[in-house]
Amino acid sequence: MPVLGEDLVLTDREMQRIAALVYERSGITLHDGKKPLVVARLQKRLRALSLGTFAEYLAYLERDRSGDELVLLLDSIATNHTYFFREEQHFTLLAETVVPKFRRERRPMDIWCAASSTGEEPYTIGMTLSELDPPMDFRMVASDISTKALKAASAGVYKLASVEKLPTPVLRRYFEKGLGESAGFARVRRELRSKIDFRHINLLEVPTFDRKFDVIFCRNVMIYFDRAVQQRVVSALERNLRPGGYLFISHSESLNGITHRLRWVAPAAYQLEAL
Ligand SMILES: C[S@@+](CC[C@H](N)C(=O)[O-])C[C@H]1O[C@@H](n2cnc3c(N)ncnc32)[C@H](O)[C@@H]1O
């Protein structure tokens, strides 16, 4: 059935073409029930381009050889919902179980936060490691397919409401409050921001890194993928883990039905067996 969004109509056929494109480029599955979401999220793009119909939008997408509109399409479709200390048990596990194993090696831990959205997750990891006594040094890559989310992440500016639940000393140590025009916002201090290398990485096309990682966070993204894409992503993550390294997925995700060499260590936490 066509869906109306204000005066916009998305036909079944147009929905299928958008869903096919999104799946091919990002692995995100958009079933028919997501039609209202697609209309709601794309109408801004259509308005920005002064286009009146999805047929015109699809024609525009196909004509755009630069690929820029496809990036904007994925930016609009991807769900970026995240927050500081989401699924907090993982940060406790990181601090109390994972870090002690790596301390002996006397080198910075190598971390990859894949699907890092607007940055709350990598900054939470950074704060957790920096708060330890003594602090655990780290190198971190944080990546996402959404260029918009990455831009927000590297700016590190958040509404005060989204950081106010952090303990006051943590807030003071890692954020600076905005003044004047920036009142109502807090910015992650440069010292922490500069420790994170934000990169545009599509989990369907994981690059070869110059190192393997001790810890990979890849949470709340596989829920948008079907089994085939999950398998491809988990295999890519596993290839990038050091033996003994840890993978964190979300508590609402599972590796059931996926072929892998990881050992379950705690809910939504796995370890690649040491050689
Ligand atoms: C719901 S957010 C999860 C953020 C964070 N990991 C958390 O758990 O709070 C999902 C993120 O996955 C990203 N994403 C979706 N498909 C992706 C892909 N193929 N490659 C990389 N990132 C992707 C989205 O842009 C979005 O920022």
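Start with N220: one of its polar side-chain atoms lies 2.8 Å from an oxygen atom of the ligand. That is a polar contact, a pair of N or O atoms within 3.5 Å. The protein covers 99% of the 600 Å² of accessible area that the ligand has on its own (Shrake-Rupley method, 1.4 Å probe).

This is a predicted model: local features need pLDDT of at least 70, side-chain atom pairs count only at pLDDT 80 or more, and totals for chains, interfaces and linings use all residues. Residues are numbered from 1 along each chain as its sequence is written, and side-chain values use heavy atoms, with hydrogens and water left out.

Next, select T82. A polar side-chain atom of T82 lies 2.6 Å from an oxygen atom of the ligand. Move to A115. Here a backbone N or O atom lies 2.8 Å from a nitrogen atom of the ligand.

Now show the whole shell. It holds 22 residues, and S26, T82, A115, E121 and D144 come nearest (a residue is near if one of its heavy atoms lies within 4 Å). The shell divides into 9 nonpolar, 9 polar and 4 charged residues.

Turn to the space itself. The ligand sits in the largest pocket, meaning more than half of its atoms lie within 2 Å of the grid points. A pocket is an open set of points on a 1 Å grid over the protein atoms alone, with protein on both sides within 12 Å along at least five of seven lines. The volume of this pocket is about 400 Å³. Of its 23 lining residues (an atom within 4 Å of a point), T79, A115, D144, N220 and V221 lie nearest the centre.

Last, visit two loops. Select P134, between α6 (120-130) and β4 (138-144). The peptide bond from D133 to P134 is cis, with omega near -5°. Then select S50, between α2 (35-48) and α3 (54-63). Its phi is positive, near 55°. Most residues other than glycine have a negative phi, and most peptide bonds are trans. Helices (H or I, at least four residues) and strands (E, at least two) are DSSP runs, numbered from the N terminus.

Notes: Polar contact = N/O pair within 3.5 Å; in protein donor to acceptor, adjacent residues only side chain to side chain. 1 Å grid on protein atoms, 1.4 Å probe; cavity = no way out; pocket = protein on both sides within 12 Å on 5 of 7 lines; lining within 4 Å. Nonpolar A, V, L, I, M, F, W, Y, C, P; charged D, E, K, R; others polar. Points joined across faces, edges and corners; volume = space filled by probe spheres on them.
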